[in-house]
Amino acid sequence: MPAYNEAARIGTTLQGLIHHFRNVVVVDDGSKDNTFDRLQELPVWALRHPINLGQGAALQTGIDFAVGHGADIVVTFDADGQHDVHDIERLVEPIVAKRAEVALGSRFLGNDAVNMPTSRWFILKLGVLFTRVCSRIKVTDTHNGLRALSRSSATKLRITQNRMAHASEILDQIQYLGLKFEEVPVTVHYSDVVLEKGQQNSAAVKVAAQFLLGRMVR
């Protein structure tokens, strides 16, 4: 779980995870508040970047740590409370059953985007179209932070896009590496906090440009 300035929410988000899972890794990405101090009060693996590098960099740090400590399956989960911990069991099922190496959460496979603004729906759908054209991977959701990786795929994928373009990069690498994947319906809750803290619609063009530039120099 990457976390940046989440001191006010991290405890609530983690309570559900801690109740169900023993090994939870949180990467404090150079927060300016006391997020890292809050983590010391909880039974989680707490890592810290000395400066803010971005969500992609925090994810890669967490994935490396989990793989290095023997994880068979790595699940990525946002810190702002938008995901539902009860989706994880269903999310990892394709990997446990060895039907897939990667499981991708999708908020568009059911009626599972709670209180999503119309403008966000439109931007995300444009993102799906962009991904299908650029990366040639048929997905229904592109920037969903809830995903699961087998140990093998977590070793192969390398996130080089430190900031929000990492989500597109992961999908691009799944296609490039020929990793078997499945999409799984998951719920995303759009609270005022999620909308305020999350990626803004106006940033979509910048994220796309960062992804394309990174792809050119890869």
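The following legends describe close-up views of a predicted model.

**View 1. Four strands, β4, β7, β5 and β8, form an open sheet.** The strands are arranged in the order β4-β7-β5-β8, and their pairing is mixed. Because β4 (73-76) and β8 (181-185) each have a single partner strand, they stand at the edges, and one side of each is left without a neighbour in the sheet. From one strand to the next, the twist averages 20°.

**View 2. Strand β4 pairs with β7 in the antiparallel sense.** The pairing of β4 with β7 (residues 147-150) extends over 4 bridges. Within this pairing, Val75 has Ala148 of β7 as its bridge partner.

**View 3. Helix α3 lies across β4 and β7.** The helix comprises residues 55-68 and runs at about 155° to β4.

**View 4. The largest nonpolar core contains 23 residues.** Met1, Ile10, Leu14, Leu17 and Val26 are the residues with the most contacts inside this core. Two or more residues are given to the core by each of the elements α1 (10-20), α2 (35-40) and α4 (87-96). The most is given by α4, which supplies 4 residues.

**View 5. Ile10 touches Met1, Ala3, Val26, Arg38, Leu39 and Ala79.** This set of contacts does not count residues up to four places away in sequence. Ile10 is also one of the residues with the most contacts inside the largest nonpolar core.

View 6. In soluble globular proteins, nonpolar side chains tend to be buried together.

Conventions:
Residues numbered from 1 in each chain as written. Predicted model: local features only at pLDDT ≥ 70, side-chain atom pairs only at ≥ 80, totals over all residues. Heavy atoms only, no water. Pairing = 2+ DSSP bridges. Axes fitted to C-alpha atoms, helices over the stretch in contact; angles between N-to-C directions. Contact = heavy atoms within 4.5 Å. Core = buried A, V, L, I, M, F, W, Y, C linked by side-chain atoms within 4.5 Å. Buried < 20%, exposed > 50% of the residue type's maximum accessible area, 1.4 Å probe, protein only.
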